Amino acid sequence: MTTFAIDTDNTITAYLAGEAIPEGEARFTSEKELMKLAATWPAERLVEIWNGFAGVPPFGALKPVKKFTDRKTAVARIWKAVQALTPTAAPQAAPVATKKARAAKETTDGDAAKPAREGSKKAIVLELLRRPEGATLADIMSATGWQPHSVRGFISGALGKKMGLTIESVKTPDGARSYRLKTQ
């Protein structure tokens, strides 16, 4: 038997028998039970529930309303509409498989990333990182106009993973983060 639950946002969800229904949601399994619940609801809530269905698959043929003739008609129409809801079985836990470690991808001459274009932000960042003292996060941010997370992502992705460069990250005496190219 399907049990339906309605939350405070007027969302109705169908549950299979025996499934746990979240606390705070009103439950009903028949039109009669829905009528008992709706007896205390304002008429506007019934309209909101109906209009929440209207035009949404699998309720594409339903049209929005401004009001219902009476509460009994509203409940009957809503009950008929919720019959189209099909409960989804609770997802079963998949058997846990052990994950094999990936082999590190070796870069070849054919795979090598393109060198930085003259005057590009990549070239600017590389120039800053080649300095003996490297460049602080703030230096790179001011040179590129990027946010801190963009700088860190660029260093990790474009320089570290794509170009295969080794970037050292150290803290300066004043506590700022500094990056530099590691010399081989």
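Glu-25 is buried yet takes part in no salt bridge, and the nearest side chain of opposite charge, Arg-27, is 7.2 Å away. Here, buried means under 20% relative accessible area, exposed means over 50%, and partly exposed lies in between (1.4 Å probe, protein chains only). A salt bridge is a side-chain nitrogen of Lys or Arg within 4 Å of a carboxyl oxygen of Asp or Glu. As for charge, Lys and Arg count as positive and Asp and Glu as negative, while His and the chain ends are not counted. The model is predicted, so local features need pLDDT of at least 70 and side-chain atom pairs count only at pLDDT 80 or more, whereas totals for chains, interfaces and linings use all residues. Residues are numbered from 1 along each chain as its sequence is written, and side-chain values use heavy atoms, with hydrogens and water left out.

Where does Glu-25 lie? Glu-25 is found in the loop between strand S2 (12-15) and strand S3 (26-28). Helices (H or I, at least four residues) and strands (E, at least two) are DSSP runs, numbered from the N terminus. When neighbours within four places in sequence are set aside, Glu-25 is in contact (heavy atoms within 4.5 Å) with Ala-5, Ile-6, Asp-7 and Tyr-15.

Other charged residues do form pairs. Side chains of opposite charge can pair when their charged atoms come close. How many salt bridges does a search of the whole structure find? The search finds three. One of them joins the side chains of Arg-180 and Glu-168, at 2.8 Å from N to O. Arg-180 lies in strand S6 (residues 177-181) and Glu-168 in strand S5 (residues 167-171), so this pair ties together parts that are twelve residues apart in sequence. Arg-180 is partly exposed, at 26% relative accessible area, and Glu-168 is likewise partly exposed, at 25%.

Salt bridges with shared partners join Arg-131, Glu-133 and Asp-139 into one network. Arg-131 pairs with Glu-133, with the closest N and O atoms 3.5 Å apart, and Arg-131 also meets Asp-139 in a salt bridge of 3.5 Å, N to O. Arg-131 is partly exposed at 30% relative accessibility; Glu-133 is partly exposed at 48%, and Asp-139 at 31%.

Helix H4 (residues 121-130) has the buried residues Ala-123, Val-125, Leu-126, Leu-128 and Leu-129. These buried residues pack against strand S4 (135-136), helix H5 (137-144), helix H6 (148-162), S5 and S6.
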